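Please open the structure in a viewer and keep a selection tool at hand.

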Amino acid sequence: MTPDQAVRDWYATPANWVPHEPHAADLDNDLVAPEILNKTVLNLGCFYPNTELLFAHRAYSWAAIDFTPEVIQRCQRDFPELKTYVDFFLMSMTNLSWGASSFDTVLDLSSGDHLLLDDYKQTLKEVKRVLRRGGAFVVVYANLDHFPDGQTDVYGQWGFERRTNSKDMRKMLENTGFTIVREESNNVRSGMVCHG
């Protein structure tokens, strides 16, 4: 089974379609809140649209993507209150349809964890391309240093998951041309705010 298929299968299973626990999103919310007010925002994964429910009404515009049709269908069907604020698109984060400099803020709240490393590096190039100069890229990722088994690629609770550490994430971001301006961690997950 490929990583893409493992993730699609997991997200397409209705029993898995439940809200994230509130504490799991605390790190995301702390990093996201200052970066979205009156901004054009792109969220690179909208599995359960907690972030959209909390913040989309504060943004100037909000686009959310996912590469799993069931996810997009459920977001559109089960959250009609978001129709005013959010446009949902079926799309891969490795090949974004928007032109250069389309967004003030791009969010990757552990969605990129489900890509192989080379695909994630391609995603970073796409983010850099669609982000306006000086815009914010908020990235949250599975923190490898927290896991005692030391495995970087695992198939488990969320389908395929790639883990990384702060040093490697920082290097990938800087190699793509981002400047890290803030970093936080809750051990299991870590996050950074970067400027493009």
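Two residues are in contact when heavy atoms of theirs lie within 4.5 Å. Among contacts in the protein chain between residues at least 6 apart in sequence, 67% join residues at least 24 apart. The model is a predicted one, in which local features need pLDDT of at least 70 and side-chain atom pairs count only at pLDDT 80 or more, while totals for chains, interfaces and linings use all residues. Residues are numbered from 1 along each chain as its sequence is written, and side-chain values use heavy atoms, with hydrogens and water left out.

**The whole chain**

Helices (H or I, at least four residues) and strands (E, at least two) are DSSP runs, numbered from the N terminus. Along the principal axes, the C-alpha atoms fill a box of roughly 45 × 40 × 30 Å.

Of the 196 residues, 49% count as buried. Buried means under 20% relative accessible area, exposed over 50%, and partly exposed in between (1.4 Å probe, protein chains only).

**Helix α6**

Next, select residues 166–175, which form helix α6, and show the side chains of its buried residues M169, M172 and L173. Seen down the axis of α6, these buried residues fall within an arc of 95°, so they line one face of the helix; the arc is that of the directions from the helix axis to the C-beta atoms. On the other side of α6, K167, K171 and N175 are exposed.

What covers the buried residues of α6? The cover includes α5 (117–130), β5 (131–142), β7 (159–162), β8 (179–185) and β9 (189–195). Just after α6, select G177, which takes a positive phi of about 105°.

Move to T164, in the loop between β7 and α6. T164 is buried, with a relative accessible area of 7%. Leaving aside residues up to four places away in sequence, T164 touches Y141, A142, N143, L144, M169 and M172.

Finally, select G156 in strand β6 (residues 153–156). G156 is partly exposed, with a relative accessible area of 44%.
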